[in-house]
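Hi,

Here is the structure I promised to pass on. Have a look at it first, and then read my notes below.

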Amino acid sequence: MNPETLRQIRGAKDLLEEAIEALAVSVGDAHRKMARQPYALLARIEPIAAPVRAIEEAHLRITDGVYFSIRLGNRLVGVVAGFALDRIEGVARPK
Amino acid sequence: MSDAANKPAAAPGLGATLASIVNGCFGDYLSQRDNGLAIDMAFYRHNRPLSLTPEALRAAFPAPTARLCVLLHGLCCHEGAWDYPDNPARSYGSALQADLGFTPLFLRYNTGLPIPYNGKALDTLLEQLLAAYPLPVEELVLLGHSMGGLVLRGACHFGAERGAAWVGKVSRVFYIGTPHEGAALEQVGHLVNSILHAVPNPITHLLGDVANQRSQGIKDLRHGTVLDGAAGVAAVPWLAGAQHYMIAGTVTDDPEHLAAKLFGDGLVQPPQAGENVCLFPGIDHMQLAHDDAVYEQIKTWCAST
């Protein structure tokens, strides 16, 4: 594989990784904002306000956990792909 | 000389096409991040960048001529945009070489970068080209398709401003489907983006944020920006001493049809009728870069005194 192709593959890998990271953060933020809306309404009803806040907290923790997992998985895949590209580059480099 | 003999044997493939599309959409980001997909501006031949040294140019052009034509593609494209789909060995460049003895040079550049940035880079590159070219250049003809026309206009402006030698060699500039007054599609895109941000909803904000990631090159098409800062295209005078020609198309055979009035060539509205303006009804935006009727008009203009 020629160096130019490898450089492009590495560039595509980096771009995909950065796009997934940015999208996961943005979608996570939007998800959080949307999830809070019904809880904000329900929390106005005094008798159920406390349990609503507790459920909301649990919901948001789960949501954040899901997006964190996506970002972590993305990072890991990126590191492994980068490592694989380093190896290919090492093999392809003329001695 | 036959067309096949002049054209690169290795035409840009799928990888180059995808890279050009990504550059058009996010090229400024790629350049900023020093991403391997970012395209560096260069003249391309045989799908490879041409080194601007006398030796490399002599090897690339064994029979150089003193008349050069430089071809610039549009947004998200590469030099393959000039190839005729039914005959990839033929392009306006190869045809001008066969018919009028021009040596064609095809530029490839990162279309996502700001248009003024690409204009300045082209100004520098043309200076290097003329310094390294094996013969003294007598005539320089510039052809720009779509965004390429704006980049040309910028390069001429920056070159003229600093008194670059290459500017004096420019005899004709062809703007093919160039949005001098701005591209309607980007104007609509900007409007939709503003609406998405104005609606108080996290999903529309998210969609607006995603749409706003489009490159500065695309955003510059909204007003046809050629200069840095707030100055628009209107502030850029046409290069004195050169003839300027505008070529436009329409999506319908009847240029008075409502669809032609609304959508122009599909992406760009035709300019107002004038002396050096030629309208090709029924030829859409991309086809303008490789059409026999358009070429005949270019050849006629090039052959005129």
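In what sense do S1(B) and strand S4 (residues 103-108) of chain B pair, and over how many bridges? The two run antiparallel, with 3 bridges between them. Before you go further, bear in mind that this is a predicted model.

One of the residue pairs to click on there is B:Phe43, which stands opposite B:Leu107 in S4(B).

S1(B) also pairs with strand S2 (residues 48-49) of chain B, again in the antiparallel sense, over 2 bridges. In this pairing B:Arg45 faces B:Arg48 of S2(B). S1(B) and S2(B) make a hairpin, with 2 residues between them.

Now for the whole sheet. In chain B, 8 strands form an open sheet with mixed pairing, in the order S2-S1-S4-S3-S5-S6-S7-S8. S2 and strand S8 (277-281) of chain B are the edge strands; each has a single partner strand, so one side of each has no neighbour in the sheet. Helix H6 (residues 147-161) of chain B packs on this sheet and touches strand S3 (67-72), strand S5 (139-145) and strand S6 (170-176) of chain B. The direction of H6 makes about 140° with that of S5(B).

Which residues make the nonpolar surface patch of about 440 Å²? They are A:Leu16, A:Ile20, A:Ile62, A:Val66 and A:Ile70. Helix H1 (3-42) and helix H2 (46-92) of chain A each supply at least two residues of the patch, and H2(A) gives the most, with 3 residues.

A:Ile62 is in helix H2 of chain A. Why does A:Ile62 count as exposed? Its relative accessibility is 58%, and the cut-off for exposed is over 50%.

Cheers

Note on methods
Residues are numbered from 1 along each chain as its sequence is written. Chains are lettered from A and ligands numbered from 1 in the order in which they are written. This is a predicted model: local features need pLDDT of at least 70, side-chain atom pairs count only at pLDDT 80 or more; totals for chains, interfaces and linings use all residues. Side-chain values use heavy atoms; hydrogens and water are left out. Two strands pair if DSSP finds at least two bridges between them. Helices (H or I, at least four residues) and strands (E, at least two) are DSSP runs, numbered from the N terminus. Contact means heavy atoms within 4.5 Å. Axes are lines fitted to C-alpha atoms, for helices over the stretch in contact, and angles run from 0 to 180 degrees between N-to-C directions. Patches are made of residues with over 30% relative accessible area and no salt bridge: like charges are joined within 9 Å, nonpolar side chains (Val, Leu, Ile, Met, Phe, Trp, Tyr) within 5 Å. Accessible areas come from the Shrake-Rupley method with a 1.4 Å probe; for residues, only the protein chains shown count as cover. A salt bridge is a side-chain nitrogen of Lys or Arg within 4 Å of a carboxyl oxygen of Asp or Glu. Buried means under 20% relative accessible area, exposed over 50%, partly exposed in between (1.4 Å probe, protein chains only).
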